[in-house]
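The sequence and model come next.

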Amino acid sequence: MPPELWEEIKRKPPPTRRRVERLWNLLESRDDAAIDAPDTDAAWAELQRRLDAPPAKNKPPRRAPDRRHAPRTKRRTVLQIAAAGLVMGLLLGLWGWRQPVTEGAPPGAHRAVTLPDGSTVELNSDSQLRYARSFQAWPFVRAGKRAVTLQGEAFFDVARDQRPFVVETFNARVEVLGTAFNVRARQDLQAGETRVTLASGTVRVAARAHPEAPVLLSQPGQTARVTDTAQATADRYEAATLDGVLAWRKQGFTAVDQPLAAILAEVERRYALTIAVEEGLALDASMTLFYLRGTTAEQILSDVCLAQGCRYRSTSGGFTLFKAPPPTQ
């Protein structure tokens, strides 16, 4: 081994040095006639490259993925997604079916509605009626009662059925089997009450706060009232002029001992207009008005001003009431 090579080999670790010595001895034992052997520098460079290269790791051959069950897994996933979508669709459909049916009459209009059991309801202006679809608790399952919720005023002509017919308002409950009656449930600040007037048959009226104290109406014209107070009970009824109560069905207008503010609010609803009131008018003054047939808002306001000593003028959206000036001397 040449001295310069030996000096370089001595700097390597002992295991490396021993391997180089064995390799060099093997090279020296070959036939000296091999004149094509590389020179020392080339041999050393090749040896150096091989010694410095990291040992190769034996990696296991990469296996191709097993696709024998892929179609079955994909089919199962598609079926699961389809089943979830079907369940979601059924739930949304059931939720939509369970939403109550809403019927309404806007201000200035009347509307007749036929209910699923054949009963008819005539809605007064600015009134709304809600009830369960087909009077069923669930699809194809009849509810134990025919229940409706009323906001406003309506006349009911109830078809006979074994199931009771129930009208609920914000503070009262009316129960019948087959009859005709009028229900007025307004939550005006001046007169929040439910008033039930019988036209025919029999009805039972109770305050929702005191269902244990109902009132039975059995004579046409009898009226039960439930006031909007915590102690409200339906324990009062009085004779009423049935034609006056039902005058709204013939485009008439009635108010019995009502404050002026409540009368003006009802005129606004009935005729879909706005009434402004200037200072100086006594809005708490009570009045009684009877128009059993069709009348106009201007005719009502003319009579109100005649009784209250005021005047009115037309506006773009309705009328304005103002205090009449004192007479000149």
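Helices (H or I, at least four residues) and strands (E, at least two) are DSSP runs, numbered from the N terminus. This is a predicted model: local features need pLDDT of at least 70, side-chain atom pairs count only at pLDDT 80 or more, and totals for chains, interfaces and linings use all residues. Residues are numbered from 1 along each chain as its sequence is written, and side-chain values use heavy atoms, with hydrogens and water left out.

Start at Thr-320. Its place is in strand β20, residues 318-323. Thr-320 is buried, with a relative accessible area of 10% (buried means under 20%, exposed over 50%, partly exposed in between; 1.4 Å probe, protein chains only). Set aside the neighbours within four places in sequence. Thr-320 is then in contact (heavy atoms within 4.5 Å) with Ala-276, Glu-278, Arg-311, Tyr-312, Arg-313 and Thr-315.

Now the sheet. Three strands form an open sheet in the order β17-β20-β19, with mixed pairing. Two strands pair if DSSP finds at least two bridges between them. β17 (274-277) and β19 (310-314) stand at the edges with a single partner strand each, so one side of each has no neighbour in the sheet. On average, neighbouring strands of this sheet are turned by 20 degrees against each other, direction ignored.

β19 and β20 run antiparallel, joined by five bridges. Arg-311 stands opposite Phe-322 in β20.

Two helices complete the picture. Helix α6 (residues 260-271) lies across β17 and β20, at about 155 degrees to β17. Helix α7 (residues 297-308) lies across β17, β19 and β20, at about 155 degrees to β19. Axes are lines fitted to C-alpha atoms, for helices over the stretch in contact, and angles run from 0 to 180 degrees between N-to-C directions.
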